[in-house]
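Please keep the viewer open while reading.

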Amino acid sequence: MNATNSLVVADRYLGKARELVDRALGRLNTLCSVDGRINSERLDDHQLSCYELAFCVAELSAADAVNRYAEKAQQQDSLALTVALAFNAEALQKVMQRLLALADDAGIERASVLALYSDAELSSFINNFGSAGYLAALGEQLSSRGSLYLPALLDDDKEMVRETFARFATDVVMPLAEKIHRHDLDIPDEILKPAAELGSFGISIPERFGGLQPDDHDDSLSMIVVTEELSRASLGAAGSLITRPEIAAKALLSGGTEAQQQKWLPRLASGETLCAIAITEPNHGSDVASLGLRATPTEGGWVLNGSKTWCTFAGKAELLVVIARTEPDMSLGHKGLSLFLVEKPAAAGHEFDHQQPSGGKISGKAIATLGYRGMHSYDVFFEDYFVAADHLIGEEKGQGKGFYFTMSGFAGGRIQTAARASGVMQAACEKGLQYAGERKVFGKPVGAYQLTQVKLARMFSTLIASRQFTYAVARLMDEGKGQMEASLVKLFSCRAAEWVSREAMQIHGGMGYAEESDVSRYFVDARVLSIFEGAEETLALKVIARDLVTRAQAK
């Protein structure tokens, strides 16, 4: 099959696979609708189909993104087309395998899936671009280059941003990353201060408040580029630094009063005030609408009682953005929630305890974790902790709207997490490629063997697809769209990062399992990506599949 016309073939079969997925979604729409609306209980009866179909759409969307990239980038580097075709061949196989497995439950005919699977042109495409020979040749080409560079197709300003933060990541973060991880240290000022000077904390904050975001339009792509480079150096020590101010800023911009915006956004942008986000509770996980931390009105403000968990960076943070229930009637669900700006002293180490003169208390203890060290995630406890009335976001008008203010920042947090995944994958691929050329087994480098070459090809094609999918969604979000797609790209990229970092570790053999090896850190760090900023299952079932099924037409 001629590679020049192969993208046209790939696009055609991506479309045919999507038709089968749409048929399954339409069937679920019929099964799960009551009086013209999707019924949650009925949808839960088909969780496996919803979960698998969400991944099908994610795979197909990633393939489409890498194809659009290859159309442009192949003029600068033919490797872009080679990578895209390899990814498409594998993505199409994965989608068809998922569809075969769920055919009965989703109400699509196996014969339809098998007919597509056995289509002569598609079989030829997969045999050409998914074969061991093709993938091994791609892996060998990467090894001979000794580089994973492909043109990113960013404008000059974005490339300058990337280069600036790449130098910072390499020169400042990388030398400290392993020590922070091994000894579970706080992120030191040697990282925080220069990061603030570079404007890291103001990436998502408008220029009028001292940030780097243009006042007249959104620029999600800069945030993505910066996040990738910081995460390449260390997920725990740098890659998540800008997530918390981004979520806080979006909440303030969505619902904060002018006085609140003027007070807090400049402090967040400069890094003068470090912040954390306190959403999750011990018994509710990602079920935000069921949260129960209580905010009781009192003279001059509110008193908080209850607990939060997985509050990342809560120790060093001087500002916690806390969602709490201001309406005692639990039947109100998310409509009874409000968002508070809670001040506390910065604290080093793994525990903090602060008591107000009035007797209120806030305390926290870091949760011991496999990876993602440096940031520290805390259990946080509030006991009659007083918060002034002007620290309720939106003040009186913001009461009961905390859920919506929080959601305004979550889409950005999710796409940013996809970028973090790409950064971890970049680091893992670089180390895997390097070690494959150094490590010798049975008389020759590991990278000279077909299986390693195939691994490198698959790892790299997955990385490029993840990156370009993330860029595509960022551009959508800058147009005021892409809320569901932000969840979709997180679903794809975070699962991909687990696999890519696992393969990099495998290439290292026994050394990959040693703590002194960087790839062992990438592996344990990558594992958290599918959990935070919306757990994989919650995103697949409650956000992505529900949206897709709702929009689907019955077939």
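A residue is called buried under 20% relative accessible area, exposed over 50% and partly exposed in between, with a 1.4 Å probe and protein chains only. Helices (H or I, at least four residues) and strands (E, at least two) are DSSP runs numbered from the N terminus. The model is predicted, so local features need pLDDT of at least 70 and side-chain atom pairs count only at pLDDT 80 or more, while totals for chains, interfaces and linings use all residues. Residues are numbered from 1 along each chain as its sequence is written, and side-chain values use heavy atoms, with hydrogens and water left out.

Start at strand E6, residues 319-325. Because 7 of its 7 residues are buried, E6 is largely enclosed by the rest of the structure. In a regular strand the side chains alternate between the two faces of the sheet. Here Leu319, Val321, Ile323 and Arg325 point one way, Leu320, Val322 and Ala324 point the other way, and all are buried.

E6 has paired strands, where pairing requires at least two DSSP bridges between two strands. Strand E3 (residues 275-278) runs parallel to E6 and is joined to it by 4 bridges; in this pair, Ala276 stands opposite Leu320. Strand E7 (residues 337-343) runs antiparallel to E6, with 7 bridges, and Phe340 of E7 is the bridge partner of Val322.

Gln141 sits in helix H7 (residues 132-145). Gln141 is partly exposed, as its relative accessible area is 29%. Its C-alpha atom is separated by 9.0 Å from that of Ala457, 316 residues apart along the chain.

The last stop is the second largest pocket. On a 1 Å grid over the protein atoms alone, a pocket is an open set of points where a 1.4 Å probe fits, with protein on both sides within 12 Å along at least five of seven lines; lining residues have an atom within 4 Å of a point. The second largest pocket is lined by 19 residues, and Tyr149, Arg162, Glu229, Gln426 and Glu430 lie nearest its centre. Helices H8 (156-183), H10 (220-233), H14 (402-438) and H15 (450-478) are the elements giving two or more residues to this lining, and H8 gives the most, with 4.
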